[in-house]
Structure formats: structure tokens, C-alpha cells
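Hi everyone, thanks for making the time. I'd like to walk you through a structure that may be new to you, so let's get it up on the screen.

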Amino acid sequence: MNTNDLIHRYRKETTHRIIGLMSGTSLDGVDAVLVTITSEADGHVESVTLEDQVAIPYTNDVKAMVNRLCVKGASDIEDLCFAHFGLAHWNGEAVNRLIEHSTVERSSIAAIGMHGQTVWHAPVPRTFPGPEGTLDITGTLQIGNAQMVASLTGLPVISDFRSADMAEGGEGAPLAPYIDYLLFHQEGKGIAVQNIGGIGNVTVLPQGGDEEAIFAFDTGPGNMIIDQIVALGTHQKQQYDDGGTIAARGTVSIELLTQMMRDPYFAKKPPKSTGREVYGSDYSEQVLKQAEALKLSFEDVVATATAFTAKTIASSYTDFVLPVTTLDTVVVSGGGARNKTLLSMIKGYLPEGISVQPSDEVGVPDQAREAMAFALMAHESLMGRPSNIPKVTGAKRRVVLGTITMQQL
Ligand SMILES: Nc1ncnc2c1ncn2[C@@H]1O[C@H](COP(=O)(O)OP(=O)(O)OP(=O)(O)O)[C@@H](O)[C@H]1O
Ligand SMILES: CC(=O)N[C@H]1[C@@H]2OC[C@@H](O2)[C@@H](O)[C@@H]1O[C@H](C)C(=O)O
């Protein structure tokens, strides 16, 4: 089968099975979901149903290598090349385990939508020598070789979702908001879908608004700083603050929190996106130095980093969301939904009357949303339909995202 045959066959059906793969900025591993999508004949999506999911956590050595790739000056070009192919095996294995777990026929799956692992995201332009003078360019890099995944799974792979949006002047992120209206819209309610992964990002479904009214942006760091401080403080024995119990034992340092909130990212108006390039290990080491000067305990630093994430989320709403719509509920997705201290701090910083609810409680497992979004985007790629939201990414126009890579038969 070639690409044309795949597209032709796909567009004749109105029920489709797709696997979505996400490996996010927290570097915790690969999330894989199996979904069934029902659509009208023109591809317009009626429903996306989660059938099954598996996750493969990265081992500490893979996590450490990918983390190094994300650090300017520490990354190694040989590691980058090997990780591009090595991570394809992690994605391929996630697909194969998911198929085994779900017991569905491999041949009933139309394609895989794979995000890949972001190692660098540069939405702020820098100069680059061009053929006819200096250029201002932006860039983003997701690794995990698609041909290798196609070969390991025997399935077509749609990948590289961010490039087409960037080619149209967009930030290439966030993209997952594309699924949020479908999953989380509630008639007459103002909803904020807050993802807390490595980075935090919000999708706003304004009260009384339709699909066109949604907007979204990265709120800042999610678990990234908390994770790095916990890993350093426990000599790598713990990779995150399970349930938020360490933070719950500490006291928030108002002095450190105030210094951290001075970051210009938070005052910047959306569209905006950020990543590990800004809030990676250099940033956390800086925070630890400030904490040492203030003689804070390990628990106090974790509590302050947790309060920082909570405050950046709440202040984003005060500055950019509440002037546009009232909010009834904040639905929290991503691994941060399991951090009870973080959730209660978010609630504490928000105006009264807004409820905070993990996405599991509204039927979407917290680790599934982003992988489901890339399955949906793979569907749109095969249907030839745009799936970026220009208002969210800043792109000049709506475009079809993703590159199709065929398996060998
Ligand atoms: N039980 C738990 N208690 C507290 N935090 C948790 C728990 N489980 C997961 N997490 C946090 O969630 C993170 C993983 O979240 P998730 O998989 O949503 O991130 P991601 O998809 O990698 O990131 P992003 O959405 O930024 O791309 C972990 O790094 C950890 O900080
Ligand atoms: C470049 C990149 O990988 N960005 C991630 C990151 O993690 C969360 C946030 O920052 C979001 O902008 C994005 O991921 C999700 C899947 C998105 O595009 O919506």
C-alpha cells in the first residue's frame, strides 16, 4: 500500500481506529492510547472514544540522556542521532504492548499519530544567515524516527505535527487544545482545561462560546521544576513528589516565590509557548542557589516550587482568561492532576466559586488527553483537514498538520 491508497481507503470509512502516542516534556516516558473515531463522510469528527491505554516509563538512564539533549552546551550530537532511532523503539514497543493488551487485530488499526520527544522548542525568533541576507527564524525539534516506528509496528505513522504550523508563522504549540471542545465542552459553562505535564498549558472554553471561541496558551512550568528539585533532593530515588506529600510538609517561602514570579514570561500576552529550554536543569539549579541563600529546607523548596506552578496558573487566569469569560470549573489533566497539594494551592489562588476537578472525574484519564489529541490530529491529516488553531499558535492560517510515513509491506 502506498500513501495514496491509504488516504483513499481511509476516506471511504466513517469509523476509524487510531493509536496516539505522546512523550511529553516531563520526560516520564511514552503514553499510548487506542481510540475509535467516528466521522461524517467529509471527515468532520463526531466522536473520539478511548478504547485502551498503556504507558511505558523511561528508565532513569534514558531520561538522563534525553534531559542532557535538552541542555545547551551539554547535549551531544552523537547522542541526538542515536536517541532519534532509540526512542523510536520505545514508541514502537508502546504500540505493540497496546495492541497486545487490547487484543484488537493489528489490521483493524488505520495509523499511528506520534508526537515524538521534544528536545528543543524555539518559538522566539533568532537570526540565521540566509541565501539573501539575514533571516529571523523559529524552530522546534521532536525526535523518534517515524520510519523506524512504521517498521517496528507494521503501521503507517503520522508525525512531525508542529512544523506546518511553524511554517505559517505559528509557535507550533500548543496543539492538543484541538481536542478539548470535543472532550470537555459543557453547555452554558465556562471551562478551563489545565494540562499540568512538564509544562502547564490551558485551553479555555468560554461560557456560551462555540468551537471558534476557544483559546489556549502555555501557562509556564508544570511539574518540571518540582520534579527536578525532588530528584536532586532525594539523590534520584524519587522522580516526582508523589501525591504532593513533600510539598505538604513544607512552608512556602514568599520571598523566593516573589522572585520567581518576576519572570517576564507571565506578563507576556498569548499566543505564547515555552519549554525545557527555559525551565530545565539550569533554571532549577538557579532556584536551589536562591533557596540555599534563604536557608530553606528541602520540603520548603518543593512547597515553594509547587506554589510557583499554582500561582502562575491562577495569575494567567486573572490576567488573560477571566477578562474574557467567567469560569465554573478548572478541569486538570496531565500527571499534575495527581498532586493533591498542587491542586489545593491552585484552588486557593483562584477567586472563590471556581471548582478544580481532575479530568478522570469527567471521564478522561489524566494521562490520555494529549495522546488522544495526536490520534485525532492523525485522523485529520489522513482526511486532509487542518487541525491547528491559528488563534492559539499565532499561525497565519489553518493548515493540515503532520507527515505520513508508510510501513514496508
Ligand atoms: N502520583 C503522582 N503524584 C504527583 N505527581 C505526579 C504523579 N504522577 C505523575 N506525576 C507528575 O506528572 C508528570 C508527568 O505528567 P505528564 O505525563 O502529563 O507530562 P508530559 O506529557 O510528559 O508533559 P507535557 O504535557 O508538558 O508535554 C510527572 O513528571 C510527575 O511530575
Ligand atoms: C514543543 C512542545 O513539545 N510543547 C509541549 C509542552 O508540553 C505542554 C506544553 O508544552 C504544550 O505546548 C506542548 O505539548 C502539548 C501536547 C500541546 O502541543 O498541546
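Let me start with a question: is R397 buried, partly exposed or exposed? It's partly exposed, with a relative accessible area of 49%. Before I go on, please keep in mind that this is a predicted model.

So what does R397 pair with? It forms a salt bridge with E168, and the closest N and O atoms are 3.1 Å apart. R397 sits in the loop between α15 (390–393) and β12 (403–405), while E168 sits in the loop between α5 (163–167) and α6 (180–184), so this pair ties together parts that are 229 residues apart in sequence. E168, for its part, is buried, at 14% relative accessible area. The general idea here is that side chains of opposite charge can pair when their charged atoms come close.

One is between R369 and D180, whose side chains meet at 2.8 Å, N to O. R369 is in helix α14 (residues 369–383) and D180 is in helix α6, so here too the pair ties together parts of the chain, this time 189 residues apart in sequence. Both R369 and D180 are buried.

E93 and R97 form a salt bridge with their closest N and O atoms 2.9 Å apart. Both residues lie in helix α3 (residues 77–102), 4 residues apart, which is about one turn of the helix. E93 counts as partly exposed, with 35% relative accessibility, and R97 is partly exposed as well, at 43%.

Okay, on to the ligands. Where does ligand 1 lie relative to the two domains? Domain 1 (3–172 + 368–405) and domain 2 (180–353) both give residues to its shell, so ligand 1 lies between them. There are 23 residues around it, and the ones that come nearest are T25, S26, D227, G243 and E370. By type, that shell has 3 nonpolar, 13 polar and 7 charged residues.

Now for some polar contacts of ligand 1. An N or O atom in the side chain of E370 is 2.8 Å from an oxygen atom of the ligand. D28 brings a polar side-chain atom to 2.9 Å from a ligand oxygen, and G335 has a polar backbone atom 2.9 Å from one.

A176 uses a polar backbone atom instead, 2.8 Å from a ligand oxygen. Taken alone, ligand 2 exposes 430 Å², and the protein buries 98% of that.

Which elements build this shell?

Technical notes: Residues are numbered from 1 along each chain as its sequence is written. Chains are lettered from A and ligands numbered from 1 in the order in which they are written. This is a predicted model: local features need pLDDT of at least 70, side-chain atom pairs count only at pLDDT 80 or more; totals for chains, interfaces and linings use all residues. Side-chain values use heavy atoms; hydrogens and water are left out. A residue is near a molecule or strand if one of its heavy atoms lies within 4 Å of it. A polar contact is a pair of N or O atoms within 3.5 Å; within protein, one must be able to donate a hydrogen and the other to accept it, and residues adjacent in sequence count only if both atoms are side-chain atoms. Ala, Val, Leu, Ile, Met, Phe, Trp, Tyr, Cys and Pro count as nonpolar, Asp, Glu, Lys and Arg as charged, and the others, Gly among them, as polar. Domain bounds come from an automatic or database domain assignment. A salt bridge is a side-chain nitrogen of Lys or Arg within 4 Å of a carboxyl oxygen of Asp or Glu. Helices (H or I, at least four residues) and strands (E, at least two) are DSSP runs, numbered from the N terminus. Buried means under 20% relative accessible area, exposed over 50%, partly exposed in between (1.4 Å probe, protein chains only). Accessible areas come from the Shrake-Rupley method with a 1.4 Å probe; for residues, only the protein chains shown count as cover.
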